[in-house]
Amino acid sequence: MANATTPTATVEQHAGGHEAAEPTIHGIGAGAIVAAAMLVFLLILVWKKVPGAITKGLDNQIKAIRRELDDAKALRAEAEALRAEYAAKIANAEKDAASMLEHARTESAAIVAKAEADTRDVIARREKMAADKITAAERAAVDDLRAKAASAAAAAAGQIIAARHGVDADKALVDNAIASLTH
């Protein structure tokens with residue numbers, strides 16, 4: 001009886017050498033055991049609803065990506081609107097600067113004309129004092145005109161520079177302005 005319960009393995013010899021027999025459990029080979037284990041594993045995954053959880057997670061990621069894309073589209077539209085708004089502001093600033101400059105020229109012509117008329121009246125009354133007062137009035141008018149023109153030009157230039165130039169361009173413009181004032 002000892003021979004009947006003992007599992008036996010047969011060994012086949014091939015021309016090239018010796019090979020070991022494939023182990024079995026109750027006549028089931030290793031490949032069948034691995035296939036059965038895999039089938040049980042897959043059934044457990046389906047029973048625990050793992051594929052549904054994976055699809056739900058992927059769907060949530062898709063929704064999050066879609067939200068981010070929609071946010072990006074909204075931000076792009078907002079950026080384009082801001083760009084158009086600033087382009088319009090730059091165009092208006094250029095028109096305003098030209099208008100201010102023309103107004104400054106008109107005012108300067110009126111101031112010069114008024115100064116000339118005043119000096120003619122003063123010359124008629126007092127010849128000696130008139131010469132001194134004419135010189136003082138001309139200096140004051142020119143200085144006032146220069147100050148107003150410089151102030152208007154500086155304000156207009158400041159708006160244009162702020163809209164168009166960075167720090168390096170601003171430095172070059174300030175250096176040129178200082179150089180022109182000293183000459």
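How many helices and strands are there in the protein? There are five helices and four strands, where helices are DSSP runs of H or I with at least four residues and strands are E runs of at least two, numbered from the N terminus. Reading from the N terminus, the order is α-β-β-β-β-α-α-α-α.

Before going further, some ground rules. This is a predicted model, in which local features need pLDDT of at least 70 and side-chain atom pairs count only at pLDDT 80 or more, while totals for chains, interfaces and linings use all residues. Residues are numbered from 1 along each chain as its sequence is written, and side-chain values use heavy atoms, leaving out hydrogens and water.

Now the overall picture. Of the 183 residues, 7% count as buried, buried being under 20% relative accessible area, exposed over 50%, and partly exposed in between (1.4 Å probe, protein chains only). The accessible surface is about 15,300 Å², with 62% of it belonging to carbon and sulfur atoms; these areas come from the Shrake-Rupley method with a 1.4 Å probe, and for residues only the protein chains shown count as cover. As for contacts (heavy atoms within 4.5 Å), take those between residues at least 6 apart in sequence: 40% of them join residues at least 24 apart.

Next, helix α2, which covers residues 30-47. Its 18 residues reach 26 Å from first C-alpha to last, close to the expected 26 Å, a span defined as 1.5 Å times one less than the number of residues. After α2 comes Lys49, with a positive phi near 60 degrees. Ile33 itself is partly exposed at 36%.

That leaves the salt bridges (a side-chain nitrogen of Lys or Arg within 4 Å of a carboxyl oxygen of Asp or Glu). The structure holds four, among them Glu80 with Arg76, whose closest N and O atoms are 3.1 Å apart. Arg76 is exposed at 59%, whereas Glu80 is partly exposed at 39%.

Glu85 and Lys89 also pair up, at 3.3 Å from N to O, again four residues apart in α3. Glu85 is partly exposed at 39%, and Lys89 is partly exposed at 44%.
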